Amino acid sequence: MVLPVNGTREALFALAQAVVDRSAARPRVLMPNPFYQIYEGAALLAGAEPVFLNTTRDSGYLPDFDRVPETVWDDCQLLYLCSPGNPTGTVLDIPTLQRLIELAERHDFIIAADECYSEIYSDETAPPPGLLQAAAAMGRADYRRCVVFHSLSKRSNLPGLRSGFVAGDPQVLQAFFRYRTYHGCAMPPATQAASRLAWQDEVHVRDNRELYRQKFTAVTDILQPVIDVAPPQAGFYLWPRTPIADTDFARGLFAEEHVTVLPGSFLSRDTDSGNPGADHVRMALVAPLEDCIEAARRIRNYIERINA
Ligand SMILES: Cc1ncc(COP(=O)(O)O)c(C=O)c1O
């Protein structure tokens, strides 16, 4: 039920290759929009059509599952979830996860829950729930159709180590394992040893969360007078709306203040109801506290000049 992987990026990609049946009439892979780029590439290279579920301010920055037509659920072979979300920081609750597990059963698809931000959250007493937790609470000890992805990259600030794991439905993991024997390789022993230490220690993870809280408080205090922005439920991004087009905002901010943010439209696709990333930027609070404060001051100066 558990397999180590050399980072979750490769695993998120490989899972689609292992489980999508490209001989189906219309294989579809559903994912949030905006999204972590790997989901889309994985779907396309597995021969499936990516279907984008917009997460907007109106939907509380959650995918609106109610708007998915029955026929699309019927064609769905794989659903990517990202909770806590990159870039929105929103969290799917247990009832929603359980509803999705029921939908997966009814329409015969697999849920790939990317939970790599699950240990960066604001309320120490309320960690984000996970898909396997939701399945277990329904009495599903076999975690049928459910697979989760966890990483040391965020919780332990170890993106360079390339270490994570995949856990869930043993039948799905069997197919994934077989696929992985061709493109992946075993985790090097030194990485295994370092990973074991990192997973066993929670003190640095709590300290890390506390540091993010300090950064979110300091940065949002500086920015709130000029922009509508609030600390997220989880994750380490701010996802504010921009007063001008997101690409212009990012380019101007870099040119004038030497601060890099990611235009939201680079993280999302156009849909019939627009591009949900447009006029947003993603600000990653991964730099040291002092640098985040300095960046926030510069962003504020920049916005004040735009608004003047
Ligand atoms: C949503 C999401 N999933 C997965 C990853 C991949 O992380 P890693 O491959 O380092 O485990 C990232 C990295 O930025 C991410 O933002």
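Strand β5 (residues 110-114) and strand β6 (residues 146-151) run parallel and are joined by 4 bridges. Within this pair, A112 has V147 of β6 as its bridge partner. Strands here are DSSP runs of E with at least two residues, helices are runs of H or I with at least four, and both are numbered from the N terminus. Two strands count as paired if DSSP finds at least two bridges between them.

This is a predicted model: local features need pLDDT of at least 70, side-chain atom pairs count only at pLDDT 80 or more, and totals for chains, interfaces and linings use all residues. Residues are numbered from 1 along each chain as its sequence is written.

Now step back to the whole sheet. β5 and β6 belong to an open sheet of 7 strands. Its order is β1-β7-β6-β5-β4-β2-β3, and the pairing is mixed. β1 (2-5) and β3 (49-54) are the edge strands, each pairing on one side only. From one strand to the next, the twist averages 20 degrees.

Helix α7 (residues 170-183) lies across β1, β5, β6 and β7 (164-168). Its direction makes an angle of about 140 degrees with β7. Axes are lines fitted to C-alpha atoms, for helices over the stretch in contact (C-beta atoms, placed from the backbone, within 7 Å). Angles run from 0 to 180 degrees between N-to-C directions.

β8 is joined to strand β10 (residues 281-284) by 2 bridges. Y237 stands opposite A284 in β10.

How is the protein divided into domains? The assignment, automatic or from a database, gives domain 1 (2-200) and domain 2 (203-307). Their C-alpha centres lie 25 Å apart. Domain 1 gives 25 residues to the contact, and domain 2 gives 23 residues. On the side of domain 1 that touches domain 2 are 10 nonpolar, 12 polar and 3 charged residues. Ala, Val, Leu, Ile, Met, Phe, Trp, Tyr, Cys and Pro count as nonpolar, Asp, Glu, Lys and Arg as charged, and the others, Gly among them, as polar.

Which residues surround the ligand? They are G7, T8, R9, Y36, C82, N86, D114, C116, S151, S153, P159 and G164.

Definitions and conventions:
Two residues are in contact if their C-beta atoms, placed from the backbone, lie within 7 Å. A residue is near a molecule or strand if its C-beta atom, placed from the backbone, lies within 6 Å of it.
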